[in-house]
Amino acid sequence: MPSTKKALAWALSFAPSAFSAALPFKRAISSVVSGSPVGFASGATGGGDATPVYPTTIADLKKYLTSKNPQVIVIDGQYDFAGSEGTQKEQACNIYSCTPENGGQGMLNTLNGCTTATYNVEIDTAAYQGIQVQSHKTLVGKNGATLNGKGLRLVSVSNIIIQNLKITNLNPKYVWGGDAISLSNTSDIWIDHVETSLTGRQHYSFGQEPNHYVTISNSFVNGETKYSASCDSHTYWGEEMVGKDDSITWYRNHVYMTSGRSPAMSGGTLLHAVNNVFEDNTGHLIEGGEAGARGIFEGNVFKNVKTTLDSGFKGQLFGATASNAGQCQTALGRKCEANEFSSAPELNRADTGFFKNFNGFFIVGAASAQSIQDEVPKRAGATL
Ligand SMILES: *[C@@H]1O[C@H](CO)[C@@H](O)[C@H](O)[C@H]1NC(C)=O
């Protein structure tokens, strides 16, 4: 049942603005969506039961996503943004031990981060910044729906559902070339069955302004790349969770071929990571240099991971084991499922001081790690 806090947030996501006051409340989730949100974003309804629209051009898709109206948007097949906004000249540099010509990533100097000699490059403008999605949207893909060369940017918006699509090809040659999905100052966001790949920067980037009630589920973080900051075909730029007060359910995702930030947890992030498969990591998975980050990891499978927890991590973590699983009762109202490790260091942290912070959130159920280890990699991503 929603707590007062959750119920209030849910009601607020429909708070009357000059515009929405004129609309009837639409709380049902469209039948074009498969299933319903779970975990922290359980209250998300996106575009509600608005009549679906079926944009066939990138211009129409952009128009619907950026309109002020609640919208249910169904997309089908490939939406090719590459080149659609032209190119732009930038400066870049090589700061890693490999160059883009031999498996590495260059870095754009857009934030003046270059400490080595710069050179001129041309990047794709569409990929550099995502579509500014507005509130109360449902975006559902069918038949291999793909945003080629464009990500999604969720800033100061609420109540959005994104399901069953691929986002790829965001200037992967260059750090800062483009994020797949970025969120800042959002609430009630459900991202489900999304595959992200070939990003310049983050697969998921949570900005510093708080993101409340976010669930990312059944998604495939596909880190395989020709342009790797760690020079080994693995992306460093997985999930950056650094908001001041983020609350994120990370559920049944397949995090594959990464070498860092998987996730980076700092700021004031509260994370519930359940039944994910973290596979083939050559650097480290969990990192974060700030004390405010908090996370429960349960029922996950860690497979072929070099370092599960970076030694510089400063936050609070609870990694569920068979013997400590009962302690989760006070956080989740049930016991945890133990994590499993195969060729991966165990997550030996059992901080519980933050357990009361889960009070008032919807908590997704957990299955045993054993039962999800084959299923999650098979089903995660745009597989509906
Ligand atoms: C956060 O988003 C709300 C709209 O949802 C806006 O009114 C507010 O100014 C935003 N805050 C910041 C810091 O951007």
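Guide: Let us go through this structure label by label.

Guide: This is a predicted model, where local features need pLDDT of at least 70 and side-chain atom pairs count only at pLDDT 80 or more, while totals for chains, interfaces and linings use all residues. Residues are numbered from 1 along each chain as its sequence is written, and side-chain values use heavy atoms, with hydrogens and water left out.

Visitor: What makes Phe278 and Phe297 a tilted aromatic pair?

Guide: Rings of Phe, Tyr and Trp (its six-membered ring) pair if their centres lie within 6.5 Å; planes under 30 degrees apart are stacked, over 60 edge-to-face, and the rest tilted. The centres of Phe278 and Phe297 are 6.3 Å apart and their planes make an angle of 40°, so the pair counts as tilted. Phe278 belongs to strand β20 (residues 277-281) and Phe297 to strand β21 (residues 294-298), 19 residues apart. A strand here is a DSSP run of E with at least two residues, numbered from the N terminus.

Visitor: How do you know whether Phe278 is buried or exposed?

Guide: Buried means under 20% relative accessible area, exposed over 50%, and partly exposed in between (1.4 Å probe, protein chains only). Phe278 has 0%, so it is buried. Phe297 also comes out at 0% and is buried.

Visitor: How is Asn218 classed, and how is Cys231 classed?

Guide: Asn218 has 17%, so it counts as buried. Cys231 has 29%, so it is partly exposed. Asn218 sits in the loop between β13 (211-217) and β14 (220-222), with a positive phi of about 50° although it is not a glycine. Cys231 lies in the loop between β14 and β15 (239-241), and its phi is near 60°, again a positive value in a residue other than glycine. Most residues other than glycine have a negative phi, and most peptide bonds are trans.

Visitor: Which peptide bond is cis?

Guide: The bond joining Ser262 and Pro263 is cis, with omega of about 5°. Pro263 is in the loop between β17 (254-258) and β18.

Visitor: How do you know that β7 and β10 pair?

Guide: Two strands pair if DSSP finds at least two bridges between them. Strands β7 (residues 152-155) and β10 (residues 181-184) share four bridges in the parallel sense, so they meet that rule. Leu152 stands opposite Ile181 in β10.

Visitor: What makes a group of residues a nonpolar core?

Guide: A nonpolar core is a set of buried Ala, Val, Leu, Ile, Met, Phe, Trp, Tyr and Cys residues joined through side-chain atoms within 4.5 Å. The largest one has 51 residues, and Leu152, Trp250 and Phe297 have the most contacts inside it. Strand β8 (residues 158-168) gives the largest share, four residues.

Visitor: Why are Ser156, Asn185 and Glu209 said to be around the ligand?

Guide: A residue is near a molecule if one of its heavy atoms lies within 4 Å of it. The residues around the ligand are Ser156, Asn185 and Glu209.
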